[in-house]
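The following note concerns the pockets of the model and the residues that line them. Please read the points with the structure at hand.

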Amino acid sequence: MPSRDATTHWVGGLQNGKGEVTLDSSNAGTFSVSFPTRAGNPDGQTSPEELIAAAHSSCLAMNLSGVLEAQKITADSIDVSAEVTLGPAAGGGFEISGIAITLRASIEGVTAEQFAEYAETAEKTCPVSKALAGTTITLDAALN
């Protein structure tokens with residue numbers, strides 16, 4: 001499997017500095033980052049937490065489609081949102097204090113109980129969920 005990479009160029013201190021994150025593998029774009037926008041109003045800039053949310057939501061959507069496919073099921077649609085929270089860490093600094101995932105899907109012929117099982121399996125086996133195992137992850141999954 002291939003690896004993917006991104007680069008950040010930063011200038012200045014934490015509070016007054018700024019940076020640019022470039023998605024190198026895909027060349028999909030360069031995005032501005034700064035600590036004031038990370039800790040406050042995004043003001044059109046991204047943050048590590050938003051990028052983690054994007055990674056987590058897209059990975060889980062793909063992983064759920066794979067879990068369903070193993071059961072010979074194809075969803076009509078899968079929508080996943082991930083809310084990544086930055087908070088103060090015990091002992092100083094900051095930490096990602098939690099990730100709240102909301103998963104909704106339209107799937108014909110699947111009961112709510114079956115879907116809950118598939119969603120739980122997908123979350124537990126999602127590579128990004130595994131990478132973030134040190135963080136509290138909550139899952140709210142339901143059929144549309």
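1. Sixteen residues, given here as 16, line the second largest pocket, and those nearest its centre are Thr37, Arg38, Ser47, Glu49 and Val84. Two or more lining residues come from each of α1 (35–39), α2 and β4 (77–88). The model under review is a predicted one.

2. β4 provides the largest share of the lining of the second largest pocket, namely 5 residues. Sorted by class, this lining comprises 7 polar, 5 nonpolar and 4 charged residues. The volume of the second largest pocket is about 240 Å³.

3. As to position, the second largest pocket lies between domain 1 (6–39) and domain 2 (48–143), because both domains give residues to its lining.

4. The largest pocket holds about 670 Å³ of space. Its lining consists of 21 residues, and Arg4, Ala55, Ser58, Met62 and Val128 are the closest to the centre.

5. Which elements each supply at least two residues of the lining of the largest pocket? They are α2 (48–70) and α4 (127–131). With 9 residues, α2 gives the most to this lining.

6. In the lining of the largest pocket, 14 residues are nonpolar, 5 are polar and 2 are charged.

7. The largest pocket also has a position that follows from its lining: domain 1 (6–39) and domain 2 (48–143) both contribute residues, so the pocket lies between them.

Technical notes. Residues are numbered from 1 along each chain as its sequence is written. This is a predicted model: local features need pLDDT of at least 70, side-chain atom pairs count only at pLDDT 80 or more; totals for chains, interfaces and linings use all residues. Side-chain values use heavy atoms; hydrogens and water are left out. On a 1 Å grid over the protein atoms alone, a cavity is a set of points where a 1.4 Å probe fits but cannot get out, and a pocket is an open set with protein on both sides within 12 Å along at least five of seven lines; lining residues have an atom within 4 Å of a point. Grid points are joined across faces, edges and corners, and a volume is the space filled by probe spheres set on the points. Helices (H or I, at least four residues) and strands (E, at least two) are DSSP runs, numbered from the N terminus. Ala, Val, Leu, Ile, Met, Phe, Trp, Tyr, Cys and Pro count as nonpolar, Asp, Glu, Lys and Arg as charged, and the others, Gly among them, as polar. Domain bounds come from an automatic or database domain assignment.
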